[in-house]
Amino acid sequence: MVPVVPRIDLCGVGKHYGGGEAGVTALEDVDLRVEGSAFVVVLGPSGCGKTTLLNLVGALDIPTAGTVRLGGADLTRSSQRERREIRRHTVSFVFQSFNLFPALTARENVRFGADVAGRPRAREVTEEVLDGVGLAPRGDHFPHQLSGGEQQRVAIARALATGNPILLADEPTGELDFHTGVQILVLLEAQTAAGRTVVVVTHNREIARIADRVVELSSGRIVTDGPPPGGRVPVGDLRW
Ligand SMILES: Nc1ncnc2c1ncn2[C@@H]1O[C@H](COP(=O)(O)OP(=O)(O)OP(=O)(O)O)[C@@H](O)[C@H]1O
């Protein structure tokens, strides 16, 4: 089990890019609190602000209005260095296009996660996590020798190797076929049983059906926030 999951707290958050007539309001007046382990799906069409929201929760960016707190620490009042430290010990990321280091093997990619977070026993952690995603036999393979689903499993393993309690995933099934996408969702969802908070951003409404909580964005505003309509279904019920 991971240590206690820090609370995610967004209060009156806005994000405006650029200035003048060319400026874009990506988020407006967003209030969001996530406490404890949960599988949260942030849903919405292209351009509604999902990635912007994830970048703020992940301490990669700061809002132009409101406050973002992770575990009580106000990221908007922190220096870049403080934000980097909070990020390093709190959140890890999984992306649509895997973002593995092409010149590193699967094992080395995973080890990078453990090292960057300063984990003790990094070698053992790497092996445990590789095994946990079912890729121990492929540890010496390079990303280009792996299927898309296997590459995404390496990316998840790298995120888990950090030991961080919050896992942020941006369209993690976007480049995968249905069957492989479901395997990835099963793996992500399983992380809540280990005590993590998993936030998945997607435009795929089906994925929201397996969430504990669905946060729906439209034009930069939260329009619904709660359990999936009709209740949560097992992963086996998904179709797309
Ligand atoms: N760095 C930036 N500079 C200017 N505008 C930006 C920037 N990043 C995002 N935007 C704009 O902010 C809005 C929200 O973008 P964002 O990427 O958060 O949406 P999204 O819901 O993740 O979209 P998609 O599903 O297509 O990835 C869009 O209008 C986008 O063009």
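Mentor: Happy to. Helices here are DSSP runs of H or I with at least four residues, numbered from the N terminus.

Trainee: What is the mean pLDDT of the protein chain?

Mentor: The general idea comes first: where pLDDT is low, the predicted coordinates should not be read in detail. Here the mean for the protein chain is 94, and 99% of its residues reach 70 or more. The model also has an ipTM of 0.97 and a pTM of 0.94.

Trainee: Back to helix 3, then. Which of its residues are buried?

Mentor: For burial, count C-beta atoms: 20 or more others within 10 Å make a residue buried, and 12 or fewer make it exposed. In helix 3, residues 106-116, the buried ones are A106, R107, N109, V110, R111, G113 and A114. These buried residues pack against strand 6 (91-95), helix 4 (122-132) and helix 5 (148-161).

Trainee: And why does R77 count as exposed?

Mentor: R77 is exposed because it has 11 C-beta neighbours inside 10 Å. You will find R77 in the loop between strand 5 (73-74) and helix 2 (80-90). R239, in the segment after strand 10, is another case: with 8 C-beta neighbours inside 10 Å, it counts as exposed too. The C-alpha atom of R239 is 6.9 Å from that of E206, 33 residues apart along the chain.

Trainee: What is the order of the 6-stranded sheet, and how does it pair?

Mentor: The order is 6-7-8-3-9-10 in an open sheet with mixed pairing. Its edges are strand 6 and strand 10 (221-226), which each pair on one side only. Ignoring direction, neighbouring strands are turned by 15° against each other on average. Helix 5 packs on this sheet, touching strand 6 and strand 7 (166-170), and its direction makes about 175° with that of strand 6.

Trainee: Let me zoom in on strand 8. How many of its residues are buried?

Mentor: 6 of its 6, so to speak a mostly covered strand. T197, V199 and V201 point one way, V198, V200 and T202 the other, and all are buried. Now look at its partners. Strand 3 (residues 39-43) runs parallel to strand 8 (residues 197-202) and is joined to it by 5 bridges; V41 has V200 as its bridge partner, and L43 stands opposite T202. Strand 7 also pairs with strand 8 in the parallel sense over 5 bridges, with L167 opposite V198.

Trainee: Which residues have the most contacts inside the largest nonpolar core?

Mentor: A core of this kind is a set of buried nonpolar residues joined through C-beta atoms within 7 Å. The largest one has 64 residues, and V40, V41, V42, I156, A157, L168 and V199 have the most contacts inside it. Helix 5 gives the largest share, 7 residues. Leaving aside residues up to four places away in sequence, I156 touches V94, V133, L187 and L188.

Trainee: Last one: which residues does the UniProt domain annotation cover?

Mentor: The unreviewed UniProt entry carries "domain: ABC transporter" over residues 8-238. Over that range the chain is 32% helix and 27% strand, with its end C-alpha atoms 28 Å apart.

Note on methods:
Residues are numbered from 1 along each chain as its sequence is written. This is a predicted model: local features need pLDDT of at least 70, side-chain atom pairs count only at pLDDT 80 or more; totals for chains, interfaces and linings use all residues. Helices (H or I, at least four residues) and strands (E, at least two) are DSSP runs, numbered from the N terminus. Two residues are in contact if their C-beta atoms, placed from the backbone, lie within 7 Å. UniProt positions are given in the numbering used here, feature names are shortened, and annotations may be inferred rather than shown by experiment. pLDDT is the predictor's confidence in each residue, from 0 to 100. Two strands pair if DSSP finds at least two bridges between them. Axes are lines fitted to C-alpha atoms, for helices over the stretch in contact, and angles run from 0 to 180 degrees between N-to-C directions.
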